[in-house]
Structures are given as C-alpha cells and as structure tokens.
Amino acid sequence: MIKKAIEKYKMLSQEVRASFWFLVCGFLQRGISVITTPIFSRVLTTAEYGDFSVFNTWTNIVTIFATLNLASGVYTRGLIKYGDDRDQYTGSLESLLIVCVGVAFAVYLLFQEQWNQFFGLSSSFMYAMFIEILVAAAFHFWSAQQRVDVKYVRLVFFTLLNALLRPTVGVIAVLSFPEHRLEARIYSMVLVDTLTFGIFFLGFFKNGLKTLTTKYWKYALAFNLPLVPHYLSQVVLNQSDRVMIKSLVGSSEAGIYSLAYSLASLMLILNTAVVNTLTPWMYKKILKKDYSSIGTKTLPILLLIAFTNFTLVAFSPEAFRILAPASYHSAIWVIPSVAASTYFIFMYSLFSNFEYYYDKTKFMMGISVAGACLNVLLNYIFIPIYGFYAAGYTTLFCYILYCIGHYLIMRWVSRKYMGGEKVYNMKLIVMISALFLLLCGLMMMVYNHMLIRILLYAAICAAFVVKRKDFVRIFAEMRDAKHEEV
C-alpha cells in the first residue's frame with residue numbers, strides 16, 4: 001500500500017506536488033502552534049498571553065505601513081509580468097522595502113515617547129518589532145519566488161524549521177527567565193526569526209542595492225498604495241479586537257480571547273486550501289460562461305465549510321480542557337462567533353472572485369474600510385458593556401455585512417459583464433447560513449450537556465455520510481481544473 005502511494009506520488013506533476021506540500025506545511029505550522037498552546041497557556045499568565053497577542057497584532061498593523069505589503073500581491077504579479085527582468089524587478093522592490101522600513105523607523109524615532117504611549121509598548125519591544133518586520137519581509141519575498149517557480153523543498157524546510165524552533169526556544173526562554181516571561185517570549189520569537197530568515201535579508205539587501213531601478217518603484221507604489229487601506233482594514237477587522245479588549249477591559253481578557261481566536265483560526269487553513277483550489281476552477285468556468293456549474297457545485301463546498309466549523313463549535317469545551325488551564329475556559333463562549341466568522345470569510349470569496357476576475361478591486365477597498373470602521377465602533381460600544389465576549393459577535397456581524405456587500409457588487413458585475421446572470425441560489429445560501437448559525441447557537445446552549453451535543457453532532461454527520469460521494473466528485477473536478485490553463 002505504501003509502495004503504491006509512493007509510485008502515485010512520483011507520477012504527480014511538479015505543480016501538484018508543490019500544492020500538496022504547501023498545504024501540508026500550512027497544517028503543520030498551525031498544528032505545531034496548537035500543540036504548544038497548552039504549554040504557553042500554563043507558563044504564561046492570561047495577562048502575559050494577552051500582551052504577547054497584542055504585540056503580534058501591532059506588528060501586523062505596523063507592517064502594512066512600514067512595508068506597504070510589497071512582498072504580497074504586487075510582487076507575485078510582477079514576477080510574472082516582468083519575467084524577463086526578474087532580478088532587477090526583485091532587487092528594486094527589495095530596495096524600496098528597505099527605504100520604506102527605514103522611513104517608518106525614522107518617524108518612530110522622532111516621536112518615540114508618543115509612539116510608545118500609543119502602542120503601549122516599550123522602546124525595546126518596538127526595536128524588536130522593526131527587526132521582526134524586516135526579516136519576515138525578506139522571507140516573504142523569497143517564499144513568493146519559490147511558489148512562483150514551484151520550488152517547495154527549501155521553502156518547506158525553512159518554514160518547518162522556524163515553526164519548530166519558535167515554540168521550543170520560546171518555552172526554554174520563558175522557563176529560564178520566570179521574572180521576565182513576556183520579554184522572553186517576544187525576544188525569543190524575534191531571535192528565531194532572525195536566525196532562520198536573516199540569511200534572506202542579507203541576500204536581498206545586497207541584491208536590492210545592486211539592481212534597483214525607480215521604474216519598478218513607480219509600478220509597485222501605483223499598484224499597492226491604493227490597496228493599503230484594504231490591507232489595513234483586513235488586519236483591523238481580524239485582529240484589532242485584542243488591542244481594544246486590552247485597552248477597554250484588560251490584558252487578561254485579551255489573553256483569554258486570543259486563545260479562543262487561535263483555536264478557531266485553525267479553520268482558516270481549510271479555508272485557504274479550498275479557496276486556492278476553487279479560484280482557478282471558478283475562473284475557468286467564468287471564462288467559458290458556465291455560470292450554472294459555479295452556482296451548483298460550490299454549494300456542497302459551502303456546506304463542508306459550515307460542517308467543519310460546526311465541529312469546532314461542538315467540541316470546543318473538550319478542546320479547551322486539553323489546551324489550557326481553567327483560567328482560560330471562559331473563552332469557549334467566544335468560539336461559536338469566531339467559527340461562524342470563518343464561515344462567512346469563506347462565503348465572501350465566492351462573490352469576490354468575480355470582482356478579481358473583472359478587475360473591480362477598488363470596490364473591495366471600500367467594503368473593507370467600512371467593515372473595519374464599523375467593527376471598531378461596535379467594539380468601542382459593546383466591549384465595555386459585555387466584556388471580551390462582545391468582540392467575537394461584533395466581528396461576526398461585520399463579516400455578515402461584508403458578505404452582503406460583496407454579493408451586491410457581484411450582482412453589479414453580473415449586470416455589466418455577465419448579462420445579469422444569477423450565479424447562486426441565494427435563497428438556499430441564506431437558508432444554509434441561517435441553519436448553520438442556529439446549530440452553532442444550539443450547541444452553545446448545551447455546552448454543559450455533553451450527551452446532547454454528541455447526539456446532535458451524530459445526526460449532522462449522518463447527513464454528510466449519505467452525501468459523501470457528491471463531495472468527493474466535486475473536489476476531484478476542481479482539483480483537476482486547478483492545474484489546467486485558465
């Protein structure tokens with residue numbers, strides 16, 4: 001059996017192998033993080049866990065301003081567009097990134113005390129943050145090259161090496177410096193990233209100075225600057241909760257909420273894997289104007305996403321007993337809202353793919369900014385009243401509106417470019433979504449009655465077993481389409 005599996009693996013194309021290993025790598029990264037969660041939740045207090053999560057949130061926000069996300073979409077797109085001049089294009093963007101981070105650091109130094117007070121972080125933490133931003137950006141540039149070139153061996157090696165060293169060194173550091181656990185956790189993380197990713201920074205620093213040209217600077221800035229509000233809004237919508245909880249309630253509550261969010265974000269791995277398979281298939285169907293296939297064959301996928309998130313909701317009390325001590329267990333009441341948000345994150349991709357295909361991304365920026373602003377406003381109103389629990393439900397509400405906004409834009413795109421074709425059966429989608437939310441709510445109501453939860457979950461599983469062949473067939477079709485020319 002193993003021999004046959006190896007033979008089948010050898011027959012796979014380079015693209016399929018790469019996709020497989022990138023997916024495995026993503027699951028292992030998140031899996032290692034989850035496995036080590038019980039350790040950190042026990043060696044760190046809830047306040048320290050919350051402060052560490054807030055540091056990561058601020059790092060993600062500052063990264064957007066300091067790097068303009070140059071290592072993201074614009075770089076990948078340019079590698080293909082300027083394939084004949086790849087080295088100069090890469091060097092130019094790398095040098096531009098160094099300039100951007102340098103300017104951001106200079107602005108920080110000019111108003112250091114004010115920024116420290118604004119972020120609630122010490123100068124040493126801020127210095128560590130900028131080091132983290134630089135080495136992480138260097139790795140993202142390199143990994144984008146590897147993905148475009150379908151080279152996965154070295155990428156998987158460095159990614160997993162980093163994923164293993166981060167928690168290992170982190171635990172050793174925290175236990176070695178019990179009076180400075182937060183500092184040990186943050187500095188150990190930055191140290192590991194510098195050691196594992198620093199080689200890429202040295203390489204692109206050298207290449208960037210040697211091959212820069214302002215022509216590519218203009219292209220990258222023109223492409224990415226308008227998207228900065230979108231990128232920022234995504235981070236705010238996904239992660240600002242922790243900062244606001246710390247500010248409005250306290251660090252301990254931020255730590256409890258962060259642990260719940262980390263567990264629920266496991267489902268984002270499945271989201272990403274399915275979307276990466278689904279998107280090329282959808283583009284092919286749009287190109288052929290085969291809209292009916294999109295509408296009918298994405299519904300089972302939506303059901304599968306709903307089911308996996310429902311599974312997390314059903315057994316989150318047991319998961320938390322394993323992952324964390326009793327001081328964190330109140331986080332189980334946040335899981336249903338965060339898991340439901342993950343479901344709607346996937347749903348909006350069904351609509352936004354039409355925006356990407358017809359290059360109408362400027363509307364996406366408007367929806368993202370509106371959603372982020374509304375989320376901050378609702379958090380500001382409800383967190384002081386209902387505590388950290390409110391943050392999960394305000395985020396869910398915003399993602400539901402987010403989906404509605406993307407659907408309305410998709411309908412506009414349909415009227416303009418697709419002859420008004422109604423791709424999805426929205427009545428059925430609304431019914432699935434309402435049922436999913438209802439079941440999540442029912443599970444939360446019976447969290448203290450394990451037998452009822454098991455019986456309810458078994459009934460849902462039985463329905464999926466009956467329809468299992470449909471899911472296998474549809475996924476097989478999408479998998480094959482992923483590697484065809486779109």
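The model described here is a predicted one. Within α8, the buried residues are Leu155, Val156, Phe158, Thr159, Asn162, Ala163, Pro167, Gly170, Val171, Ala173 and Val174.

A similar check was applied to helix α20, in which the 20 residues 426–445 should span 28 Å at 1.5 Å a residue, in agreement with the 28 Å between its end C-alpha atoms. The buried residues of α20 are Met426, Ile429, Ile432, Ser433, Phe436, Leu439, Cys440 and Met443. Seen down the axis of α20, these buried residues fall within an arc of 155°, so they line one face of the helix. In general, an α-helix has 3.6 residues a turn, so residues three or four places apart point the same way. The cover over the buried residues of α20 includes α15 (299–314), α17 (335–357), α19 (389–417) and α21 (450–466), whereas the face turned away from the buried side carries the exposed residues Lys427, Val430, Met431, Leu438 and Met445.

A nonpolar patch on the surface is formed by Leu248, Val249, Leu377, Tyr380, Ile381, Phe382, Ile385 and Tyr386, which together have about 770 Å² of accessible area. Helix α18 (residues 361–386) gives the most to this patch, with 6 residues. Ile381, which lies in α18, counts as partly exposed because its relative accessibility is 39%.

Among the loop residues, Ala331 is found between α16 (316–323) and α17 and counts as buried, since its relative accessibility is 0%. Leaving aside neighbours within four places in sequence, Ala331 is in contact with Ile256, Ala260 and Phe320. The C-alpha atoms of Ala331 and Ser316 are separated by 9.2 Å, the two residues being 15 residues apart along the chain.

Most residues other than glycine have a negative phi. Asn69, however, has a positive phi, near 55°, and is placed in the loop between α3 (46–67) and α4 (73–81). Lys289, likewise not a glycine, has a positive phi of about 60° and is placed in the loop between α13 (266–287) and α14 (291–297). With a relative accessible area of 18%, which is under the 20% cut-off, Asn69 is buried, whereas Lys289, at 56% relative accessibility, counts as exposed.

Technical notes. Residues are numbered from 1 along each chain as its sequence is written. This is a predicted model: local features need pLDDT of at least 70, side-chain atom pairs count only at pLDDT 80 or more; totals for chains, interfaces and linings use all residues. Side-chain values use heavy atoms; hydrogens and water are left out. Buried means under 20% relative accessible area, exposed over 50%, partly exposed in between (1.4 Å probe, protein chains only). Helices (H or I, at least four residues) and strands (E, at least two) are DSSP runs, numbered from the N terminus. The expected span of a helix is 1.5 Å times one less than its number of residues. The arc is that of the directions from the helix axis to the C-beta atoms. Contact means heavy atoms within 4.5 Å. Patches are made of residues with over 30% relative accessible area and no salt bridge: like charges are joined within 9 Å, nonpolar side chains (Val, Leu, Ile, Met, Phe, Trp, Tyr) within 5 Å. Accessible areas come from the Shrake-Rupley method with a 1.4 Å probe; for residues, only the protein chains shown count as cover. A salt bridge is a side-chain nitrogen of Lys or Arg within 4 Å of a carboxyl oxygen of Asp or Glu.
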